[in-house]
Amino acid sequence: MEENEKGVMMTMGDLPESCISHILCFTTPRDVCRLSAANQTFRSAGNSDSVWEKMLPNKYPYLLARLDSPLEISSKKKLYFALCHPNWIDGRTKKFWIEQATGKLCFMLSARNLNITWGDDDRYWHWISKDESRLKEMAELVAVCWFEVTGSFDCKLLSPGTAYSVSFRLKVHESPRGIIRFFSLRTFIPPMPRAYGWNRKPVKFSLTTPCGDHQIYARYLSDMNRPVETEGYQMAPFRHVEEGWMEFDAGRFVVEEKGDDPGNIEFCMREWEGGNWKGGLLLEGVTILPISLVRGREE
């Protein structure tokens, strides 16, 4: 509280609305919502397009142009909160949204955006749609001996200066059938009561950052608590998310704050060293989330 030139005590609420709007632009979405409850001037300033334009991600016009269902929004504040919910882009193969408290961008890539070895051969993989999936399709592993899934992502779409975690979203489930391949023959065996073939070697999850750093973790899908240090790896952080789905971290990185091209990340999930056949796995896709959303949930 300060005195003006006439000796009258002034508060923040006495400032012009334009001045308050300018101040709010340097805060966070959470702060804007809280301060808007202070008085009418703050509420009016907190609803202005100039404030919420600053809260929106820099790349939001580019993302809006890729929406599968265009949004018809009358104000930047309404647009902000509409983008806090997952929005489909690129033919329902990706989802993006912003973290409500901070405005940081989040992404989920469907299995269709990934490179799956033998993924286009229905002897080994099936593409299915289920209500439980958050994306249009997911990949169901029937049986393979060479298990490998790779992908990449342009970091220009992420929030600069933000630490992110990259995770594969999987579900170990009852296999509808197993397929064992003997040379040129296929033998169908009865339904499996559970996933099989994941006990010989751990699955490796890896991430290569834009600066070339390579991170690698591992987990046995048959027994999540089985140590992997004897195999020369660190345990992959993972968490249960919903309805049997689990997320396994491939690595973490920070998006560069300066420059127009922060580079790409590359990620991989693989297991071929055991040489055995394995199946009974659902792959929904890959999540790229600010670490603040996943910290403390690892198991």
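Predicted model: local features only at pLDDT ≥ 70, side-chain atom pairs only at ≥ 80, totals over all residues.
1. Is Cys155 buried or exposed? Its relative accessibility is 1%, so Cys155 counts as buried. As for cysteine pairs, searching the whole structure turns up zero disulfides.

2. Next, have a look at helix H1, which spans residues 17-24. Its buried residues are Ile20, Ser21 and Leu24. Why do they end up on the same side of H1? Because the arc they cover around the axis is only 105 degrees. Turn to the face of H1 pointing away from that buried side and you'll find the exposed residues Ser18 and His22.

3. What do the buried residues of H1 pack against? They have three helices as partners: H2 (29-35), H3 (40-46) and H4 (49-55).

4. The largest nonpolar core has 63 residues. Which of them touch the most other members? Those are Phe107, Phe147, Phe168, Phe267, Leu283 and Ile288. Another core, of five residues, lies apart from it, and Cys106, Met108, Leu289 and Val294 are among its members.

5. Leu283 deserves a click in the viewer. Leaving out residues up to four places away in sequence, Leu283 touches Ala111, Leu114, Ile116, Met138, Ala139, Val149, Phe168, Arg169, Leu170 and Met269. One of these, Phe168, is also on the list of core residues that touch the most other members.

6. On to the strands. Six of them make up an open sheet with mixed pairing, and the order to trace is E6-E9-E18-E13-E14-E15. Which strands sit at the edges? They are E6 (115-116) and E15 (234-235), each of which pairs on one side only.

7. Within that sheet, E13 (residues 203-208) and E18 (residues 264-271) run antiparallel and are joined by five bridges. Leu207 has Phe267 in E18 as its bridge partner. You've met Phe267 already, among the residues of the largest nonpolar core that touch the most other members.

8. Last, a hairpin. Strands E16 (residues 238-242) and E17 (residues 245-254) run antiparallel, with four bridges between them. Arg239 stands opposite Glu247 in E17. How many residues lie between the two strands of the hairpin? There are two, and Glu243 in the turn has a positive phi of about 45 degrees.

Terms used: Residues numbered from 1 in each chain as written. Heavy atoms only, no water. Buried < 20%, exposed > 50% of the residue type's maximum accessible area, 1.4 Å probe, protein only. Arc of directions from axis to C-beta. Contact = heavy atoms within 4.5 Å. Core = buried A, V, L, I, M, F, W, Y, C linked by side-chain atoms within 4.5 Å. Pairing = 2+ DSSP bridges. Disulfide = S-S within 2.5 Å.
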